[in-house]
Amino acid sequence: MADVEIDVRGQTCPVPLVECRKALKKASPGDLVIVKGTHPASRKEIPMACEAMGLEVLDIEDKEGGKEWEIKIRR
Amino acid sequence: MGEKTVIILHSGDMDKVYSALIIANGALAMGMEASIYFTFWGLMRLKKGELDKGQLSKMNMLGLGRQMIKKRMDKANVVSLERLMNDFKELGGKIIACEMTMEIMGLSKEELRTEWIDEWGAVGSYIQEARDASVTLFI
C-alpha cells in the first residue's frame, strides 16, 4: 500500500476531477489517494464520483480558511 | 461501470468542442464510459493541427471575440483542447469519425489525427453506441 498525492490547487473544471480519476486508475487497491485543490465545485464532485465508483472517501478537510481542501480516498 | 455517455459533436466551434470534451472527460472521471461521434463541422477539428482552430459560436467578431475569450480562459487557467483530448484518451474515451462527412468534405484518413480515432462509422455506429447509454447529447 502506498500514498499517492496529487496537487490540483489553482486548477479549474474539469482538471481536478480528471486528475483524481487518473490517479485512482493508476493506484492499486488499498492505496490512499490524497487530492489537494482549490476549485470549489470539485470539493463536492470528487466525493460524488468516488461514491459512484464505490470508493471510500476517508476525509474531507478544509484548509487555508476554506480556500483549499484536501480529500483522502481509499482505492 | 456499465453507464455510458455518448456525444455527437456536429459543431466545429471552439466553445462547443470545449463543451463536448469537458462533459466527456467528466463522464469518464465519474466512472462512466464515454464516446464522442465527430461529424460534419465537428469532424474538421480532427484534422491535423485543427483541434483548437474553431471560431466562437457567438460574438466571434472576425476572431476578435474569440481572442478575448481565449485570453479570459487562459486567465481562468482553463486547459487546452489538446490536453483535454489526451486526458480523454488516457481515461479510455472512444472516438468515432463520420465516414460520410469525410466523403462530403473530401477528407482522407491521412489528414486526420488517426491516433485518436478508434472507429470509423456512420449513423448505425452512433445508434449502436447510444443504445445502452444513459446520457446522449448533440452538440
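Two strands are said to pair if DSSP finds at least two bridges between them. In the predicted model described here, strand β3 (56-63) of chain A and strand β4 (residues 68-74) of chain A run antiparallel and are joined by seven bridges. Within this pairing, A:E61 stands opposite A:E70 in β4(A).

The pairing of β3(A) with β4(A) belongs to an open sheet of four strands in chain A, whose order is β1-β2-β4-β3 and whose pairing is mixed. The edges of the sheet are formed by β1 and β3 of chain A, each of which pairs on one side only. From one strand to the next, the twist averages 15°. Two helices pack on this sheet: α1(A) touches β1, β2 and β4 of chain A, and its direction makes about 165° with that of β1(A), whereas helix α2 (residues 40-52) of chain A touches β2, β3 and β4 of chain A, with a direction that makes about 5° with that of β4(A).

In contrast to the antiparallel pairing of β3(A) and β4(A), strand β1 (residues 3-8) of chain A and strand β2 (residues 32-37) of chain A run parallel, and six bridges join them. One residue of this pairing is A:D7, whose bridge partner in β2(A) is A:K36. Together with helix α1 (residues 15-26) of chain A, the strands β1(A) and β2(A) make a β-α-β unit that is right-handed.

The relation between the two helices of chain A can also be described. In general, two packed helices are described by the angle between their axes and the distance between the axes. For α1(A) and α2(A), the angle is about 35° and the axes lie 9 Å apart, and the crossing of α1(A) and α2(A) is right-handed. The residues that meet are A:P16, A:L17, A:C20 and A:R21 on the side of α1(A), and A:S42, A:E45, A:I46 and A:A49 on the side of α2(A).

Once neighbours within four places in sequence are left aside, A:D3 is in contact with A:L32 and A:I34. A:D3 and A:C50, which are 47 residues apart in sequence, are 17 Å apart in space, C-alpha to C-alpha. A:K63, found in strand β3 of chain A, is likewise exposed, since it has 12 other C-beta atoms within 10 Å. When residues up to four places away in sequence are not counted, A:K63 touches A:E68, A:W69 and A:E70. The C-alpha atoms of A:K63 and A:V35 are separated by 13 Å, although the two residues are 28 places apart along the chain.

In chain B, strand β1 (residues 4-9) is mostly covered, with five of its six residues buried. β1(B) runs parallel to strand β2 (residues 33-38) of chain B, to which six bridges join it, and in this pairing the bridge partner of B:L9 in β2(B) is B:F38. From β1(B) the chain crosses through helix α1 (residues 14-29) of chain B to β2(B), in a β-α-β crossover that is right-handed. β1(B) also pairs in the parallel sense with strand β5 (residues 135-138) of chain B, over four bridges, and here the bridge partner of B:T5 in β5(B) is B:V135.

The largest nonpolar core has 48 residues, and those with the most contacts inside it are B:L9, B:L21, B:A24, B:I36, B:Y37, B:F38 and B:A97. The largest share of this core comes from α1(B), which provides 10 residues.

Finally, the contact between the two chains takes 14 residues from chain B and 14 residues from chain A. On the side of chain B that touches chain A, the elements that give two or more residues are α1 and α4 (81-90) of chain B, and α1(B) gives the most, with five residues.

Technical notes: Residues numbered from 1 in each chain as written. Chains lettered and ligands numbered in written order. Predicted model: local features only at pLDDT ≥ 70, side-chain atom pairs only at ≥ 80, totals over all residues. Right-handed = clockwise from strand over helix to strand, strands pointing away. Buried ≥ 20, exposed ≤ 12 C-beta atoms within 10 Å, placed from the backbone. Axes fitted to C-alpha atoms, helices over the stretch in contact; angles between N-to-C directions. Contact = placed C-beta atoms within 7 Å. Core = buried A, V, L, I, M, F, W, Y, C linked by C-beta atoms within 7 Å. Left-handed = near helix turned anticlockwise from the far one by under 90°.
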